[in-house]
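Work through the exercises below with the sequence and the model in view. Each task is followed by a solution in steps.

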Amino acid sequence: MAEEKHHQGLFHHHKEVDGSPPDYKKEEKEHKHREHLGELEAAAAGAFALHEKHKEKKDPEHAHKHKLEEEIATAAAVAAGGYVFHEHHEKKEAKKEEEESHGKKHHHGLF
C-alpha cells in the first residue's frame with residue numbers, strides 16, 4: 001500500500017484536486033445553497049403540518065389519519081430545521097477557513 005487515503009469524516013468535504021488547495025469560496029456557496037434549500041423544506045413541511053391539522057378538524061371521520069400525518073410533517077419540519085442549523089455551521093466554518101488560508105486570523109478572548 002504505497003498510498004493511504006485519509007478520511008475526514010462524513011461532513012468534511014475539503015477535497016484537494018490535483019494537489020491544489022480546496023476552494024473554500026465554492027464550499028461556502030454550496031453550504032449557503034443547501035441552507036436555503038433546508039429552509040424551504042422546513043417551511044413546506046410546516047405548512048403541510050398546519051394543513052393536516054386543519055383537515056383533522058374538518059374531517060372527523062379520518063381525524064386519526066390526519067393527526068398522524070400532521071405529526072410526521074412536524075417531525076420533518078424539525079429535522080429540516082436541524083439540517084439548516086448544520087449547513088449554517090458548515091458555511092461559517094468554510095468562511096473561517098477561507099479567511100485563515102489568506103492569513104487573516106480570528107482572535108477569541110481578551111488578549
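**Exercise 1.** Determine which residues His66 is in contact with, leaving aside its neighbours within four places in sequence.

Solution. With contact taken as heavy atoms within 4.5 Å, His66 touches Glu52, Lys55, Glu56 and Asp59 once neighbours within four places in sequence are left out. His66 itself is found in helix 2, helices being DSSP runs of H or I with at least four residues, numbered from the N terminus. At 4% relative accessibility His66 counts as buried; buried means under 20% relative accessible area, exposed over 50%, and partly exposed in between, with a 1.4 Å probe and protein chains only.

The model is predicted: local features need pLDDT of at least 70, side-chain atom pairs count only at pLDDT 80 or more, and totals for chains, interfaces and linings use all residues. Residues are numbered from 1 along each chain as its sequence is written, and side-chain values use heavy atoms, with hydrogens and water left out.

**Exercise 2.** Classify Glu70 and Lys65 as buried, partly exposed or exposed.

Solution. Glu70, placed in helix 2, has a relative accessible area of 9% and is therefore buried. Apart from neighbours within four places in sequence, Glu70 is in contact with Ala49, Glu52, Lys53 and Glu56. Lys65 also lies in helix 2, but its relative accessibility is 46%, so Lys65 is partly exposed.

**Exercise 3.** Describe helix 1 and find what its buried residues pack against.

Solution. Asp23 caps the N-terminal end, a side-chain oxygen lying 3.4 Å from the backbone nitrogen of Lys25. Buried residues of helix 1 include His31, Gly38, Ala42, Ala45 and Ala49. The buried residues pack against helix 2 (63-101).

**Exercise 4.** How are helix 1 and helix 2 oriented to each other, roughly parallel or roughly antiparallel?

Solution. Helix 1 and helix 2 pack at an angle of about 165°, with their axes 7 Å apart. Axes are lines fitted to C-alpha atoms over the stretch in contact, and angles run from 0 to 180 degrees between N-to-C directions. Angles over 145 degrees count as roughly antiparallel, under 35 as roughly parallel, 65 to 115 as roughly perpendicular and the rest as oblique. The two helices are therefore roughly antiparallel.

Definitions and conventions
A polar contact is a pair of N or O atoms within 3.5 Å; within protein, one must be able to donate a hydrogen and the other to accept it, and residues adjacent in sequence count only if both atoms are side-chain atoms.
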